[in-house]
Amino acid sequence: MRLNENGTPIECTTASSGVLDTGSGVSTTDDALFQIGSITKVWTTVLIMQLLDEGRLELDAPVQSILPDFALADHATAAAVTVRHLLIHTSGIDGDLFTDTGPGDDCVERYVESLRSARQVHPIDERFSYCNAGFVVAGRIIEVLRGCTWDAALRKHIIAPMGLEHTITLTSDAPRFATATGHTGFGEAAAPVSTWPITRSMGPAGLITASIGDLLSFAQTALRGGIAPNGTRILSAESASAMLEEQVSLRAVSPATIGWGLGWFLEDWKGTFVYGHDGGTIGQRAYLRVFPEDGFALALLSTGGQPDGLYRELFGDAASAVSAARIPDALQADPEGPSAALAAEIALTPLSYASGAAALTFENGEHGPQLTMRELTDILQDGAEPKATTLRLVPATEPGVLLFTAPDSAGWAHFRPLEKGAYLGYRYMPHGDAS
């Protein structure tokens with residue numbers, strides 16, 4: 001999608017390929033709905049910023065000033081957490097708590113109540129730590145101030161005013177549309193997952209299901225400073241701009257993401273400023289990038305396969321065709337393989353990290369450095385047995401960075417040392433054959 005100097009679309013091109021479900025064989029169409037996952041967090045941020053525009057909320061207001069009963073295991077942290085902390089992932093709340101509190105309209109309220117036992121993964125304001133739980137709390141703030149569910153607030157204040165006809169949050173609405181099923185595996189091994197939506201309690205963090213056209217309309221609203229394609233102002237120009245102001249720097253830990261704004265993450269595409277968000281649910285992945293300097297946006301909705309590699313190829317080619325933007329270089333594995341020094345360091349000081357969903361252990365295995373991931377809670381499928389996965393760690397060409405990959409990924413996930421005895425995991429970057 002591209003805009004002219006007046007903010008009017010020059011063109012909006014969409015394309016679809018493949019099937020919505022390998023079991024049914026139903027073909028994908030441009031109007032089909034896919035789960036956009038954590039891109040939902042930007043929509044929730046817009047709902048918060050609308051309340052800011054109306055003078056009903058301040059970003060630095062303590063959460064307890066709006067939700068008096070908000071509590072965490074650490075009482076001092078609960079009292080100190082602000083709305084801003086929730087939006088920029090610096091609260092330190094364990095973000096991997098995917099508690100299912102049922103399908104009722106009180107699910108978000110009950111989820112927030114369940115956080116009374118939630119522990120910190122780090123002290124508040126110490127660092128950036130991606131936090132799904134924090135956005136559910138933000139969703140509850142919206143519910144209290146709007147006097148309705150998060151779903152209803154989204155429909156009333158974003159979906160309806162923008163005229164979006166292919167965006168939903170409730171499972172009961174899905175039969176009205178052609179909707180994609182998530183898949184595991186890729187190629188001939190692709191198989192539909194048995195669970196379609198994530199739990200409704202995680203709605204404000206990742207429950208929106210939308211067509212590619214509606215997602216691009218949302219991007220166009222951002223490009224136009226808060227004005228929707230139909231001319232309706234959804235957000236003030238000041239708030240739309242504030243969402244792009246860097247709140248947290250990530251330059252020391254990410255090869256591409258330079259920082260985090262309010263809702264959006266911020267990237268440097270070799271000298272071109274880009275913002276966006278990704279999303280992942282049960283067998284589905286979504287990608288959105290906005291190029292404000294050149295007035296265009298790119299989006300990709302997918303199910304199954306190795307979408308991170310597809311994202312990189314499609315977005316890299318599309319961006320370079322219409323602008324000077326060039327996708328950031330991917331991290332590369334060291335062709336010499338795991339170094340003796342790295343193996344010795346990990347062997348002497350095994351590292352462990354645990355959240356509500358998984359425990360990670362860096363250790364020296366039979367074939368050198370490895371990462372073992374053990375599920376502590378089942379965040380994907382009801383009734384599934386907790387499992388452990390061990391993956392080989394490979395040094396990157398960049399000193400101190402460790403890489404690993406999984407069979408269903410076309411990219412490297414990387415860990416960068418934050419300090420002695422700690423690594424930070426970030427995101428997948430496409431790679432070549434590591435064998």
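**Exercise 1.** Classify Arg-56 as buried, partly exposed or exposed in this predicted model, and describe its salt-bridge contacts.

Solution.
Step 1. The relative accessibility of Arg-56 is 40%. Buried requires a value under 20% and exposed a value over 50%, so Arg-56 is partly exposed.
Step 2. Arg-56 pairs with Glu-54 in a salt bridge, with 3.7 Å between the closest N and O atoms. The cut-off is 4 Å, so the pair qualifies.
Step 3. Glu-54, at 41%, is partly exposed as well.
Step 4. A network of salt bridges links Glu-54, Arg-56 and Arg-146.

**Exercise 2.** Which parts of the chain does the salt bridge between Arg-84 and Asp-60 link, and how accessible are the two residues?

Solution.
Step 1. The N to O distance between the side chains of Arg-84 and Asp-60 is 2.7 Å.
Step 2. Arg-84 belongs to helix α3 (residues 83–88), while Asp-60 sits in the loop between α1 (40–53) and α2 (75–80). The two residues are 24 residues apart, and the pair links distant parts of the chain.
Step 3. Arg-84 has 22% relative accessibility and is partly exposed; Asp-60, with 49%, is also partly exposed.

**Exercise 3.** Locate Arg-289 and Asp-278 in the strands and decide whether each is buried or exposed.

Solution.
Step 1. In the salt bridge of Arg-289 with Asp-278, the closest N and O atoms lie 2.7 Å apart.
Step 2. Arg-289 is in strand β12 (residues 284–291) and Asp-278 in strand β11 (residues 272–280), so the bridge ties together parts eleven residues apart in sequence.
Step 3. Arg-289 has a relative accessible area of 0% and is buried. Asp-278, at 12%, is buried too.

Note on methods: Residues are numbered from 1 along each chain as its sequence is written. This is a predicted model: local features need pLDDT of at least 70, side-chain atom pairs count only at pLDDT 80 or more; totals for chains, interfaces and linings use all residues. Side-chain values use heavy atoms; hydrogens and water are left out. Buried means under 20% relative accessible area, exposed over 50%, partly exposed in between (1.4 Å probe, protein chains only). Helices (H or I, at least four residues) and strands (E, at least two) are DSSP runs, numbered from the N terminus.
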